[in-house]
Amino acid sequence: MTLKTTFLLLCSCLFATHLFAQERVHVLHVNGQVEYYAQQGAKPVLLSPGMELDMKGKVRCKGTGSVKLLSAGKTTVVSGNKMRDLQEVAGKKTGENNTGFTGRFLNFVEESVEESDSEEKLKKHHQQNMNKASGGVKGYANPAYSIRPLLFASGKLPAGNVTFTWHSVAGEGPYTFSLHVAGENPIAQLLVTDTTATLDLKQLALDAGEEYEWSVTRGNTAKSAAVTFEVSPQSMEAAQNSISKLPYYTSASPFEQQMMLAYSYEQNNCLYAANQLYTVLFTAEPNNQLVRSLYAAFLARMDMLPEAVALSRH
């Protein structure tokens, strides 16, 4: 065997191994009961949203049950009592192709499941996002700012009660929370002993579309970068309207629709609304692994790594 032949065989093996590693299926939605058999003779496991399946396995729906599967950006709905090979029903040559927002959302789902698969991956995902523009917060990563604000209270905020949150720092005395027009004197200031401040932005009569900032100090040295936001309830409405008539959205389960809306909120910089919606979804179905994966990845992007890790571990 020549050196060239050996090299080509090695490349082929590595390529095949890579393809095999990519052949995974994610469970998007389950109606009724659906069994999964990892291999021949294995005991069946009931499927639930968020589970990752090996393409070599088989599924069988019980009674009128059905399952929606996602693999490589394609979705497939399986029903019927017949034992089905996953390679047959969810392989590369099968499934429904999705483009535009729907395609981006489904890719986002698969990426979020992968990014929250372990503490190590969550830490990497967190670091990658903190190395970026950090939600548009100028100087966010600057070590001179020892107080780090949580990023979901940036961008487009609702006209109502909003809770601003930051990481605690050692020091004496209360925190001073300040809200002001960018570069001008404060509109409102609060002295708080905790790491949160809740304000009714509607009561403050802030102008819609105007750029505001909030920041926090403690003592003479500890301070945060200024976080930019605007009051824009119409942005949340626009994020919902932009997906409400999509064929995939209208045919999806209510839970899938809410996950799509959370993604749309984040894409439109409505981070506070996205966090609220993820909280509602998690409270409603705390054992839904798909919600846990998406929410954990979101929290990591919002600089809430300990919370993200705790959520993924549960």
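This report describes the helix packing, aromatic pairs and selected residues of a predicted model.

In this predicted model, local features need pLDDT of at least 70 and side-chain atom pairs count only at pLDDT 80 or more, while totals for chains, interfaces and linings use all residues. Residues are numbered from 1 along each chain as its sequence is written, and side-chain values use heavy atoms, with hydrogens and water left out.

## The chain as a whole

The protein chain has 10 helices and 14 strands. Helices (H or I, at least four residues) and strands (E, at least two) are DSSP runs, numbered from the N terminus. Of the 314 residues of the chain, 46% count as buried. Buried means under 20% relative accessible area, exposed means over 50%, and partly exposed is in between (1.4 Å probe, protein chains only). Contact means heavy atoms within 4.5 Å. Among the contacts in the chain with a separation of 6 or more, 59% come from residues 24 or more positions apart.

## Two helix pairs

Axes are lines fitted to C-alpha atoms, for helices over the stretch in contact, and angles run from 0 to 180 degrees between N-to-C directions. Angles under 35 degrees count as roughly parallel, over 145 as roughly antiparallel, 65 to 115 as roughly perpendicular and the rest as oblique.

Helix α8 (residues 271-284) and helix α9 (residues 289-301) have axes that come within 10 Å and cross at roughly 150°. The two helices are therefore roughly antiparallel to each other. The crossing of α8 past α9 is left-handed, a term used if the near helix is turned anticlockwise from the far one by less than a right angle; clockwise is right-handed. On the α8 side the contact is made by L271, A274, N275, Y278, T279, L281 and F282, which meet V291, R292, L294, Y295, F298 and L299 in α9. By class, the residues of this contact are 10 nonpolar, 2 polar and 1 charged. Here Ala, Val, Leu, Ile, Met, Phe, Trp, Tyr, Cys and Pro count as nonpolar, Asp, Glu, Lys and Arg as charged, and the others, Gly among them, as polar.

Helix α3 (residues 100-115) packs with helix α7 (residues 254-267) at an angle of about 95°, with their axes 11 Å apart. This makes α3 roughly perpendicular to α7. In α3, the residues F101, T102, R104, F105 and F108 meet E256, M259, M260, Y263, S264 and E266 of α7. This contact has 6 nonpolar, 2 polar and 3 charged residues.

## Aromatic pairs

A pair of aromatic rings is described by the distance of the centres and the angle of the planes. Rings of Phe, Tyr and Trp (its six-membered ring) pair if their centres lie within 6.5 Å; planes under 30 degrees apart count as stacked, over 60 as edge-to-face and the rest as tilted. By this rule the count comes to 16 aromatic pairs.

One of them joins W166 and Y175, which are edge-to-face, 5.7 Å centre to centre with 65° between the planes. Both W166 and Y175 are buried. The rings of W166 and F177 have centres 6.2 Å apart and planes at 15°, so this pair is stacked. W166 is in the loop between β8 (161-165) and β9 (175-181), and F177 is in strand β9, 11 residues apart. One aromatic cluster is formed by F164, W166, Y175, F177, Y212, W214 and F229.

## Selected residues

The table gives the relative accessible area of some residues.

| Residue | Relative accessible area | Class |
|---|---|---|
| W166 | 2% | buried |
| F177 | 0% | buried |
| S66 | 16% | buried |
| Q234 | 43% | partly exposed |
| A72 | 63% | exposed |
| D303 | 3% | buried |

S66 is in strand β4 (residues 58-71). Apart from neighbours within four places in sequence, S66 is in contact with H29, V30, N31, V34, C61, V77, V78 and S79.

Q234 lies in helix α5 (residues 233-241). The C-alpha atoms of Q234 and L157 are 9.7 Å apart in space, and the two residues are 77 residues apart in sequence.

Most residues other than glycine have a negative phi. A72, not a glycine, has a positive phi of about 55°, and lies in the loop between β4 and β5 (74-79). D303, not a glycine, has a positive phi of about 65°, and is found in the loop between α9 and α10 (305-313).
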